[in-house]
Amino acid sequence: MLKEISKNVVKWALLSASVLFFFGCNSMPANEPPVAEKTEDAQPAEEKKEQLVWDAGAVQLELKKLADGVYAFYPTDAKEKNSKGYPVATSGGFVVGDNEVLVIESMVNKRLAEQVMGFVKQVTDKPIRYLVNTSYHGDHAYGNYVFPKSVSIIQHRKTKEFMDNTEAFEADKQFMVQYFGANRGIEDVIARTADIVVDDGDVKTLDLGNKKVQIIHMGYAQTEGDLFVWVPGSKVFWTGNPVVAQPPALPWLLDGKHEEVLATLKKVRKFLPEDAVVVPGHGVPIQPKDIDFMIRYLESLHKEVKNAVEQGMTVEEAQKVITLPDFQGYALFGWVHSGVNVPATYKDISN
Ligand SMILES: [Zn+2]
């Protein structure tokens with residue numbers, strides 16, 4: 001486990017270096033970054049130069065009712081930016097039963113966790129009883145410590161193990177600060193981990209009072225501990241990061257294993273009725289058929305990379321040659337596809 005954690009930290013560190021490279025050197029006009037808009041409030045001059053994926057100090061969430069007692073929240077700029085392929089902050093939601101409430105995702109800092117709790121208060125006086133993190137990634141789980149002690153945290157076992165490792169967690173926080181901004185409350189985060197653990201292949205059914213919710217592990221999807229949340233009575237499904245947003249957003253194969261990711265996404269697609277509502281990890285709700293774009297992308301990626309390996313290409317040659325024109329449009333394409341997904345898949349296939 002320790003070895004695995006340190007491997008993760010190294011990977012994160014490499015990732016952050018490549019993100020900085022991407023955002024530092026991309027060809028977009030300097031005054032029009034594909035990333036967080038700068039806030040207008042007074043910040044030190046050097047902070048204004050930051051290149052953030054999105055700004056943890058500026059994100060505002062909006063609430064959307066999806067069904068009776070079922071709500072999603074997502075960044076106010078998600079609708080506009082998702083369709084243009086720009087990255088936005090984290091989405092989540094909550095489910096209200098006759099007795100209690102289950103929240104999905106605690107967000108990256110206290111400010112956003114408090115926005116989430118404020119949304120719950122807006123619509124019900126029932127207490128929050130459960131809080132699910134779809135992964136250990138900070139934008140989904142750092143806000144746990146802000147929730148009342150009476151709330152039970154639900155995580156996959158691997159998520160809990162990662163966050164319980166003090167060294168790995170502190171390194172992760174440093175990484176998140178680089179990505180989403182210093183002095184936005186990320187430094188203050190205290191790890192708070194699962195009271196209820198979900199294992200590989202588990203389906204945990206909770207009854208909130210005339211409202212059933214299922215917490216499901218379907219396999220490797222982006223991390224070792226991805227959880228999906230399903231409200232069968234309302235056909236609403238939360239994916240976390242494995243489905244980032246509507247097309248043209250692409251999966252981020254940060255830890256490779258593209259064949260396992262593909263198999264899990266196919267399982268998700270098969271599981272969902274056509275009229276289900278899917279809340280992705282970083283965007284407005286989408287339809288099950290939107291996931292087909294990601295499935296086709298992973299299939300094409302596999303085919304092209306396999307071909308490149310068989311032809312004896314180096315990874316650098318593969319990165320140059322495999323451009324998948326049918327799947328372009330994501331603002332992070334150069335970095336996610338060429339920089340992360342092609343090399344990860346190359347490594348998967350050559351081993
Ligand atoms: Zn995320």
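Modeller: Let us start with Asn210, which has its place in the loop between strand S8 (203–207) and strand S9 (212–216). Helices (H or I, at least four residues) and strands (E, at least two) are DSSP runs, numbered from the N terminus. This is a predicted model, in which local features need pLDDT of at least 70 and side-chain atom pairs count only at pLDDT 80 or more, while totals for chains, interfaces and linings use all residues. Residues are numbered from 1 along each chain as its sequence is written, and side-chain values use heavy atoms, with hydrogens and water left out.

Colleague: Is Asn210 buried or exposed, and what makes it so?

Modeller: Its relative accessibility is 69%, and the label exposed requires over 50%, whereas buried means under 20% and partly exposed lies in between (1.4 Å probe, protein chains only). Asn210 therefore counts as exposed. Its phi is near 55°, a positive value in a residue other than glycine.

Colleague: How do you know whether Leu324 is buried or exposed?

Modeller: Leu324 has a relative accessibility of 7%, so it counts as buried. It is found in the loop between helix H10 (315–321) and helix H11 (333–350), and its phi, near 35°, is a positive value in a residue other than glycine.

Colleague: What label does Glu224 receive, and on what value?

Modeller: At 31% relative accessibility, Glu224 counts as partly exposed; its place is in the loop between S9 and strand S10 (228–231). Glu224 and Arg157 are 67 residues apart in sequence, while their C-alpha atoms are 8.9 Å apart in space.

Colleague: Which atoms are the protein donors of the zinc ion, and what makes them donors?

Modeller: They are Asp139 (OD), His140 (NE2), Asn241 (OD1) and His282 (NE2), which lie 2.1 to 2.3 Å from the zinc ion. Donors are N, O and S atoms within 2.8 Å of the metal (3.2 Å for Na, K and Ca), so these four atoms qualify, although water is not among the atoms and sites may look incomplete. Along the chain the donors follow the spacing D-H-x100-N-x40-H. Asn241 lies in the loop between strand S11 (236–240) and helix H8 (258–271), and His282 in the loop between strand S12 (277–280) and helix H9 (291–310), so the pair ties together parts that are 41 residues apart in sequence. Both of these residues are buried.

Colleague: Why is the site of the zinc ion called irregular?

Modeller: The angles among its four donor atoms run from 82 to 168°. Four donors count as tetrahedral if all angles lie between 85 and 135 degrees; four count as square planar and six as octahedral if opposite donors are over 155 degrees apart and all others between 65 and 115; anything else is irregular. The range goes beyond the tetrahedral limits, and the site is classed as irregular.

Colleague: How are H8 and H9 set against each other, and how do you know?

Modeller: Their axes come within 10 Å and cross at roughly 155°. Axes are lines fitted to C-alpha atoms, for helices over the stretch in contact, and angles run from 0 to 180 degrees between N-to-C directions. Angles under 35 degrees count as roughly parallel, over 145 as roughly antiparallel, 65 to 115 as roughly perpendicular and the rest as oblique. H8 and H9 are therefore roughly antiparallel to each other. Among the residues that meet are Val261 and Leu265 in H8 and Ile291 and Leu298 in H9.

Technical notes:
Contact = heavy atoms within 4.5 Å.
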